Every structure is written in structure tokens, then in C-alpha cells.
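Subject: Structure handover

Hello,

Here is the structure for you to look through. Please open it and keep it beside this email while you read.

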Amino acid sequence: MTLFQQLEKITKEAVKSIFSIDLENVEITLTRKDQNGDYTIMVFPMLRHIKGNPAVIGGQIGAYIKENTDLITEIEVIKGFLNITVSAPAFLIDFNRILSDEVYGTKEEDTTQPGVMVEYSSPNTNKPLHLGHVRNNLLGYAVANIIKATGRQVNKTQIINDRGIHICKSMLAWEKYGNGETPESTGLKGDKLVGNYYVKFDQEYKKEIEVLISQGKTEEEAKKQAPSLVAAQQMLQKWEQGDAEVVALWKKMNSWVYKGFETTYKNLGVDFDSLYYESNTYLLGKDVVQEGLDKGVFEKDPDGSIWIDLTEDGLDRKIVLRSDGTSVYMTQDIGTAIQRVKDHDINSMVYTVGNEQDYHFKVLFLILKKLDFDWAENLHHLSYGMVELPSGKMKSREGTVVDADELMEEMTTTAKTIAQEQGKLEGLSETEKERLYNMIGLGALKYFMLKVDPKKSMLFDPAESVDFQGNTGPFIQYTHARIKSILKKTGFDASTLNSAVNLELTDKDTAVIKSLQQFPNMIQTAADKYSPALIANYVYELVKEFNSFYQNVPKIVEESNADLKQFRLLLCYKTAAVVKSASTLLGIEVPEQM
């Protein structure tokens, strides 16, 4: 039983004994640093069940706990807050429990329960991945890891937008201006090559619009009548009709893009368990619309189009099938969600999509509920804000996006420059150094992206992210490497894991233990809130506590008390393990030397 569980148990016993009330939950937090004590039992929530002065109630509970357990040494009541000071032996016993758990904080996967599907990335096959995709991938991948750490089965997926007018624009431009170029002949990644032709299409399209306007057309007429757009629309129609030449070109150019994406995903350190393609899913959902029409969920307009009226739910009317029988994105998303539940043992889904789609997902989830799918209660839109650089917003059609590959390369180069200035890479081969630069650069990128609450828009500053001080990935990585260096210097042997239980501990010792104690609960909370930022900021607080401990206790290597020295080395050892475990949830590697 953990120290938290023991405190919760004895508090419930106290309330039962004094007030004859069975409490379901007891809220316990770390005591504020400006007050005495280690943990605070919150009395105010108990007032729903217990009538009286919260300070008096807290004093009675505290007196009972102190009298009936050896867990605590002091109590202090401040209004409705019962602060308790825990005994050193109780801390050490709990630390030994943490120490003995090799996968501390995480739970074994429960294969008896339905899993959760996490969707992220979901790119278009007409351009390479950019800065916005980086945040999307890192968020989705981290959330999947965090949910998995709570014992849930997780399926990581993406839906690849591989059809539509935007895809045909790239195809048309390559056919017209490409002169048979390939990734091999140009030395370009396939997604870059295809993306260049998407930009080329837009450039030529704008020229055509200007010519038409000069000939007396309105801007609206010119945009619709421009030859390039008309040709792209015709190409899309041919694709939908199965034209052999168009389909062959589509397959060839998409295959180039997929190889490019694979490289980017590998470098970014993300992966997927399943893939969905819009070319396979765009017809899904039509049969469901008919079923919904029969049930009265949907309604047909005089022109034959089918809608759902959500005005009573505070939304609006939404079309789900056009009058010509063609589907809209909503129809596809309804069908794809249903298909995914059929394909996999899941009963919940998380969609990692930018906040500009908030309304879309409100409507989607509500429609699925009205269609009586029981799993529709377990759908979540992991909505996130946009990313900007100090230089401003990105525009893909104009070719001014921040390319994901180039961004990662820049991060590695910046990390290399700073690491060389630090001058602590003795004994590493050139290959090991290059791997370290990559680890630091990507760690900086990932941590900076993930430490911000997903809902917030953010300004990504590459230079600030690679700072070796402050709330950054490199600071956390450096602390891990520093701990490993301490353990190496002292000849620490991890085979002896139990520490003594009769030691005098300093506040700095117990502060690190208290930080370690928070890890399992932090994982669960981060999973419940779909927020990697909670893990990122937890690990930052942990390394801050460790650094304060290391700077303020007598030098570990010189400690004369063998038991105390062993305890503190074990504290170092477990802190490094938790830093590594937390960082891994975020997709961040931590080095042994730095």
C-alpha cells in the first residue's frame, strides 16, 4: 500500500470513527512550500457530509491520525487544510516500494478490455509535412503513449487524404511541367517533389486569373474559369470514373509521397499501427445516412439533399448527403468511425485535429450519439492551437511553409553548436556525437511543443528551445546524463535496491521522494485530460527538485555514512529511471552522457 493510500485509509477511518460517516474519496495534495508539512488533507470537500467548523473538524481528524498511526510526526490545521508531516521511516518504506517497481508509474496492458484508437498526422499527399504536422504528430503520439501507460490497449492510426481536387492539382502540374522528373532523378524526397508541383500549380493558376481579369472577367468568374482549375476538376472526374491513365499517375505520385512521409516519421520518432486512406473511405457513410433517414434522425429536403437539424442542441442544420447523392466530409467521417470500430477491438477514439475543426467534431460526435452507437460517448477531439514561428504564419500554397524535415535538421545543427560550446563530449566517437546532437535537437523540439497545453496556440522559438537551462528538453536530458555520471563515478551497483529505513532525512531528500510519488497519478491525470503538457511539466519539476537536492546535500561521493550514501545513490538511480520513463512517454530520448 502506498503512503498516499495509507493516508487516505486512515483519514477515512478517522471520519468514520468521529462522525460516523463513510467517505468515498479523500483529497490529498502536497503541502504548499510556504507552510509546514509534507501533505495536506483537504477538509473543505468533506463539509458536504460533515457539518461544522472546518478548522475544528481538521483538528479532530489530525489528532485521530496521529494517535492511531506512526506515519506522521506533526499536524497543523490552517482553516480547512490539515497539514501533516510524515515520519522519515514512512518515507523510506514508500521509497523502497517505488524502488522495487521496475515499471513504476505504468500499468500492464489489459487485453480483456476494448482499446482506444488515437488518430494523428492525417496528411494530404500533395505536399510534405510541415511545422503544424509536427505538433499534431507529437501530441497524438504522446497521448497514445500516455494512455497505453494506464493499461489501455492503444491503436495509433492516421487517415491519409490521398484523393480530391488538391491532389489532382499536383498531378496536373507534374504532368504539364515535370518533364518526367522523379525523386531519383532530382535527388528530392518524393513528398518534396510533389509539393513543389502543388506550388507550381498555384503560381500558374494565379497568372491565368490575372489574364482573364484583364480580358474583362470578374475575379470570381476568372477563378472558376481558369484553364488549370477546369483541367484539375476534369482529372478528378476521370479518377472517380476509374480512368486507367489518371489512376496510374495517382498511384505513382502517391507512392513517392508515402516514401517521403516514412522518412519524416522515422526521423521524428513516431509510428502507426493502422492506416486508413480517404480513397477507400470516401464512399463510407452513405448507407448509414439511409438508415438514419429511416429512423428519423435525418431529414430530406425537396431538392433531395439530406440534412440533420441540430438547432435544439445549440448547433445548426448540417448536410450529410448532397442532392446528387454525393457525400460530404461529415458523411465520410461518420462511416469511417463506424468502420474503425468494426475493424478493431476499440470502444473509444481520440482525434488529434486543430481547433479550427472544433465545430465539425461537435457535430460528428452528436450525430453518432443520435444514431445510437454506444461508443459515441467515448469520442474525444484532441483540439490544439496553431503553431507560429517568430517570423509569422505559414502558407502552403505559396511554398512558405516551415518544412518538418528542414526544421528537424536545423534543430540538430543548433544542438551541435551549443553542445560543442559546452565542451563535455570527451570519449565519444564522431558517430556517438552525431547521435547525441540529434537526440538533443529532437528532444528540444518535442519538449518545447509538448510542454504547452494542447488547447493553446504557441510560438515556437527554436533558439529558446535548445537552451540548456530552464524549462527545456536539453535541461532535462542534461540532468539525466548528470545523474548517470554520478552513479558511474561512485561505482553504484543497481543489484542492491533496498535502502535502510532508519535514517535522518533532509527536506531535500524527502522533496525528491515526494516528486517521485506523484508519477503514477500524473500519468493517469494526463491520460484523463489528454494532455502531455502535464507529464512534460512534471518531469521538469522533478529534475528541478533533484538539482536542488544535489546542490544542497553533502557531496554523495564523500558521504561517510554508508547507509545514507547508499540511500542517496538509490534516490539518484530511481530519479533517472523516472526521468527516462516520463521522457519516453513524450517520445524523447535521454542520453547517458552529455
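Is Glu204 buried or exposed? Glu204 is buried, with a relative accessible area of 14%. Buried means under 20% relative accessible area, exposed means over 50%, and partly exposed is in between, with a 1.4 Å probe and protein chains only.

Before the rest, some ground rules. This is a predicted model, where local features need pLDDT of at least 70, side-chain atom pairs count only at pLDDT 80 or more, and totals for chains, interfaces and linings use all residues. Residues are numbered from 1 along each chain as its sequence is written, and side-chain values use heavy atoms, with hydrogens and water left out.

**Salt bridges**

Side chains of opposite charge can pair when their charged atoms come close. A salt bridge here is a side-chain nitrogen of Lys or Arg within 4 Å of a carboxyl oxygen of Asp or Glu. The count comes to 29 salt bridges.

Start with Glu204 again. Its side chain meets that of Lys207 in a salt bridge, 3.3 Å from N to O. Both residues lie in helix α7 (residues 190-214). They are three residues apart, about one turn of the helix. Helices are DSSP runs of H or I, at least four residues, and strands are runs of E, at least two, numbered from the N terminus. Lys207 is partly exposed, at 48% relative accessible area.

Next, find Asp38 and Lys514. Their side chains form a salt bridge of 3.1 Å, N to O. Asp38 lies in the loop between β1 (28-30) and β2 (39-42), and Lys514 lies in helix α19 (residues 507-517), so the pair ties together parts that are 476 residues apart in sequence. Asp38 is buried, at 9% relative accessible area. Lys514 is buried too, at 13%.

Now look at Lys189 and Asp191. Their salt bridge is 3.1 Å, N to O. Lys189 is partly exposed at 23% relative accessibility, whereas Asp191 is buried at 0%. Both belong to a network of salt bridges that also links Lys192, Asp403 and Asp405.

**A lysine without a salt bridge**

Lys446 sits in helix α16 (residues 430-450). Lys446 is buried yet has no salt bridge. How far away is the nearest side chain of opposite charge? That side chain is Glu589, 6.6 Å away. For charge, Lys and Arg count as positive and Asp and Glu as negative, while His and the chain ends are not counted. Leaving out residues up to four places away in sequence, Lys446 touches Leu138, Leu268, Gly269, Leu586, Gly587 and Ile588. Contact means heavy atoms within 4.5 Å.

**Asp333**

Asp333 is in helix α13 (residues 329-343). Asp333 is partly exposed, with a relative accessible area of 21%. Not counting residues up to four places away in sequence, Asp333 touches His360 and Leu364. A polar contact of 2.6 Å joins the side chains of Asp333 and His360. Such a contact is a pair of N or O atoms within 3.5 Å; within protein, one must be able to donate a hydrogen and the other to accept it, and residues adjacent in sequence count only if both atoms are side-chain atoms.

**A sheet**

Three strands form an open antiparallel sheet, in the order β8-β9-β10. The edge strands, β8 (299-300) and β10 (317-321), each pair on one side only. Two strands pair if DSSP finds at least two bridges between them. β8 and β9 (residues 306-309) pair over two bridges.

Best wishes
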